[in-house]
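Hi everyone, thanks for making time.

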Amino acid sequence: MLEASLSGNSSHSSFLFGGFPALQNHHRLLVLVLLIGCYVTLLLGNCALLLVIGSVASLHSPMYLLIASLCAVDILVGTTIFPTTLLSLLFNWDRISLSGCLTQMFFTHFLSSLESTLLLAMALDRYVAICLPLRYNKIMNASVSAKLLLFALFRSGSVMGTLVGLAGSLWFCDSNTIRHCYCDHMALVSLACGDTERNRAAGLAVIICFVGVDTPVIFFSYVKILSVVLRASTSGEDRWKAFHTCGTHLMVMTCFYLVGSVSFLSPNINIPPDAHTFMGLMYILLPATVNPIIYGVRTKEIRNGFLKIFKVRAKKLKSMKVKVSPAGKGKT
């Protein structure tokens, strides 16, 4: 791919996505398998979960509302990167303005950090439910849920707004090819001229603020939960239910943080550009695709809710067919 260069006294106003240079002749296959396959699964799975949680009154508890929020964030974060990546691979429309790049960067990182905060809130919700069951309804009420949501939005918005603002103040006078298929912070900063220490320090601070804070709190919450469950004189069925519910949340969290860690470390490893781009895509698409599958398969209440909706719709469809049937049909 050709790289545009400007003179040393001007800055680029637009950029090109590097994408998958080694797979130039297989872009349509990539679109079919990687993007449409993942994205369609992401949309169907998360929308189905939102439908079930929204339709079944028994699922309107804090835990399931947090799962619904996670589904909404997964849909939005996938949609943030899908259009530009699809257009780039299908039609080679791989140019994006600096303002467009910064906007995409903000929403991508904002939504990813919001997902981290939601996973933290889910761990705290399970901690209160299992370790302080008698106080659960008092602690996890509508007011606390609203405050948690506002805190998550404020933390992600302020931190990512600062990060993107610093990136927007940089001068880009060398290559204008972003070695990625969407606008990632470090991929853009690596193209800047001059000193980028502030930006790299801000990127590290963001990782510490979210992964460095959220992960230990989540870890210690589940250690405490495990300790309480093992010491409690509850029946084997109740103990298994607690382990099963927490295990489901841990699977989702492990997927998110593990893929995110690999994606973060990949620029520091000597791997082909295509592999780095693939890691970046998986960081966004893989957790968002598998989350509804994990919750849908492993959560009995959600499975029952889905079956309930399916049966209600089937009954309505059957009754409609009976109403439109000819008057004498079926008589002997």
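Okay, let's start with how H1 and H2 sit together: H1 passes H2 in a left-handed crossing. One thing to keep in mind is that this is a predicted model. Who lines that contact? By class, the contact of H1 with H2 has 21 nonpolar residues, along with five polar and two charged ones.

Now the geometry. Two packed helices get described by the angle between their axes and the distance between those axes. For H1, residues 27–55, and H2, residues 62–91, the axes come within 9 Å and cross at roughly 160°. Angles over 145 degrees count as roughly antiparallel, so that's what H1 is to H2.

At 1.5 Å a residue, its 30 residues should span 44 Å, and the end C-alpha atoms are 44 Å apart, so the two agree. Where does H2 bend? That's at Phe-82, by about 35°, and a proline, Pro-83, follows within four residues. Then, after H2, you get Asn-92, with a positive phi near 60°.

Next pair: H3, residues 98–131, and H7, residues 197–231. These two pack at an angle of about 20°, with their axes 9 Å apart. So H3 and H7 are roughly parallel to each other, and H3 passes H7 in a left-handed crossing.

Last bit, from the record. The unreviewed UniProt entry carries the annotation "transmembrane region" for several spans, including 29–52, 64–86, 106–128 and 277–297. In the model, residues 106–128 are 100% helix and 0% strand, with end C-alpha atoms 33 Å apart. Residues 277–297 also come out as 100% helix and 0% strand, and there the end C-alpha atoms lie 30 Å apart.

Methods. Residues numbered from 1 in each chain as written. Predicted model: local features only at pLDDT ≥ 70, side-chain atom pairs only at ≥ 80, totals over all residues. Heavy atoms only, no water. Axes fitted to C-alpha atoms, helices over the stretch in contact; angles between N-to-C directions. Parallel < 35°, antiparallel > 145°, perpendicular 65-115°, else oblique. Left-handed = near helix turned anticlockwise from the far one by under 90°. Nonpolar A, V, L, I, M, F, W, Y, C, P; charged D, E, K, R; others polar. Expected span 1.5 Å × (residues − 1). Bend = angle between axes of the 7 residues up to and from the residue. UniProt positions renumbered as here; feature names shortened; annotations may be inferred.
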